[in-house]
Amino acid sequence: MKIDKGLLGGSTLLLLLSLLAENDRYGYEIIKELELRSDSTFQFKEGTLYPVLHKLENNGYVKSYMAKGDAGKERKYYQITSKGKKQLVEEKKQWQIYSMAVNKVIGGDAHAFA
Amino acid sequence: MLSPKGDKFIEDILSYVKFSFDRFAIKTELESHLLDKIEDYTEAGQAEDAEESAITDMGDAQEIGLELNKQHNPLVGWIWMLTRLAVVLLVIVDLFFVGLPIVTSLLDDNPIEDISKANIVYNITVNKTVHLDDTVINFRNVIYEGNGNLNIIYDYYETQFWGTGWSLGGIGIISDNLGNEYFAGSGGGIRPIVRRTVENFSDEADTLIIDYDQYNRKYRVEIPLKGGIKNE
């Protein structure tokens, strides 16, 4: 999918579902968290996050609700569903296999996943 | 809120979303994103071009709009809306045609009105109350009909909300002072006022006796007959 490339590459689903598995979050919160944890490695056009979130919702991986956060502002929060949690397990597995394979090819056996 | 520039950026995105019913929710979500980002830039000391930067960070309005439109498909959206409408209509219809009659039958239906007035020989107002555990049974009327039917009208309620649901049980053995025992037909279901009809009740008896003795619970009610006011 084109938007995946635009956003974070093929690992979008894994990253978003991981963040939502920890906490319900709203869009901007997700972006800040991604930037923070990746030491700004992941920088992308922020607006493209929303079509992805809406797609996750359409697929039933997340659901959304309106709520007031700490600052009293009403925001749209996303919450992972049980279907989303299952998908997350699957994505994690695929990611490990993928990164292991890449590491083997580039000769970085020592850095491969344990 | 946003300046005209920020508003225009969001309107540009929305112009690609064909399903208009979703536009407002998208607008709210994007707006709050921009406002958050502007706040962060302002706090970081970049108040001057905060909105400009926030918009730039969002990316291309057309790209975002086209991708959003894919997720807000008008066909799916309309099917969803129509399905919900159909569900709402079904609920309304159901309430009206099923729920309402049940409620009215519960509240308004006094079984005395089922008895034709022309047939009534006498109608005694009783007002005797007995207790069975948490159930209170209040005998209201005894109505004797020309065809020998004796109707016992009573209501009952539970004093405890979690009452034991006595309603399944009978009111006891029905007899008269002459020693005749009668079989009383079943009551009126879940209605709070119940009518039990005894057929061929002796017109010579002067006392109706209701005797309850089940599961170690007992009561006995004696109701004098023929003392009632004749129905004209």
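The model is a predicted one, and it scores ipTM 0.83 and pTM 0.56. Between the chains, 15 residues of chain A are in contact with 16 residues of chain B. The largest nonpolar core has 34 residues, and elements of chain A and of chain B contribute to this core.

**Confidence**

- Chain B averages a pLDDT of 82, and 86% of the residues score at least 70.
- Residues 228-232 of chain B have a pLDDT below 50, and this stretch makes 10 contacts in the model beyond near neighbours in sequence.

**Chain A in outline**

- Chain A contains 5 helices and 3 strands, which follow the pattern α-α-β-α-α-β-β-α along the sequence.
- Of its 114 residues, 31% count as buried.
- Taking the contacts in chain A between residues at least 6 apart in sequence, 47% join residues at least 24 apart.
- A:Phe44 sits in the loop between H3 and H4 of chain A.
- A:Phe44 has 17 C-beta neighbours inside 10 Å and therefore counts as partly exposed; the cut-offs are 20 or more for buried and 12 or fewer for exposed.
- A:Phe44 and A:Ile31 are 13 residues apart along the chain, and their C-alpha atoms are separated by 9.1 Å.

**Where the chains meet**

- On the side of chain A that touches chain B, the elements giving two or more residues are helix H3 (27-37), helix H4 (49-58) and strand E3 (74-80) of chain A.
- H4(A) gives the most to this side, with 5 residues.
- By type, the residues on this side of chain A divide into 4 nonpolar, 5 polar and 6 charged.

**The nonpolar cores**

- In the core of 34 residues, A:Leu16 and B:Ile13 have the most contacts inside the core.
- Chain A gives two or more residues to this core from each of helix H2 (12-22), H3, H4 and E3.
- From chain B, the elements that do so are helix H1 (4-14), helix H2 (23-43), helix H3 (50-58) and helix H4 (61-71).
- A:Leu16 is in contact with A:Ile30, A:Val52 and A:Leu56, leaving aside its neighbours within four places in sequence.

**Helix H1 of chain B**

- The buried residues in H1(B) are B:Gly6, B:Phe9, B:Ile10, B:Ile13 and B:Leu14.
- These residues are on the same side of H1(B) because they cover an arc of only 140° around the axis.
- H2, H3 and H4 of chain B are included in what covers the buried residues of H1(B).
- B:Pro4 and B:Lys5 are exposed on the other side of H1(B).

**The four-stranded sheet of chain B**

- In chain B, 4 strands form an open sheet in the order E5-E4-E7-E8, and the pairing is antiparallel.
- E5 and strand E8 (217-224) of chain B stand at the edges with a single partner strand each, so one side of each has no neighbour in the sheet.
- In general, strands of a sheet pair through backbone hydrogen bonds, either parallel or antiparallel.
- Strand E4 (residues 173-176) of chain B pairs with strand E7 (residues 207-214) in the antiparallel sense over 4 bridges.
- E4(B) is also joined to strand E5 (residues 181-182) of chain B, by 2 bridges, and the two run antiparallel.
- E4(B) and E5(B) form a hairpin with 4 residues between the strands, and in this hairpin B:Gly179 takes a positive phi near 95°.

**Residues of strand E4 of chain B**

- The covered face of E4(B) holds B:Ile174 and B:Asp176, while B:Ile173 and B:Ser175 are on the uncovered one.
- B:Ile174 stands opposite B:Ile210 in E7(B) and opposite B:Tyr182 in E5(B).
- B:Ser175 has B:Glu181 as its bridge partner in E5(B).

How values were computed
Residues numbered from 1 in each chain as written. Chains lettered and ligands numbered in written order. Predicted model: local features only at pLDDT ≥ 70, side-chain atom pairs only at ≥ 80, totals over all residues. Contact = placed C-beta atoms within 7 Å. Nonpolar A, V, L, I, M, F, W, Y, C, P; charged D, E, K, R; others polar. pLDDT = per-residue confidence, 0-100. Core = buried A, V, L, I, M, F, W, Y, C linked by C-beta atoms within 7 Å. Pairing = 2+ DSSP bridges. Arc of directions from axis to C-beta.
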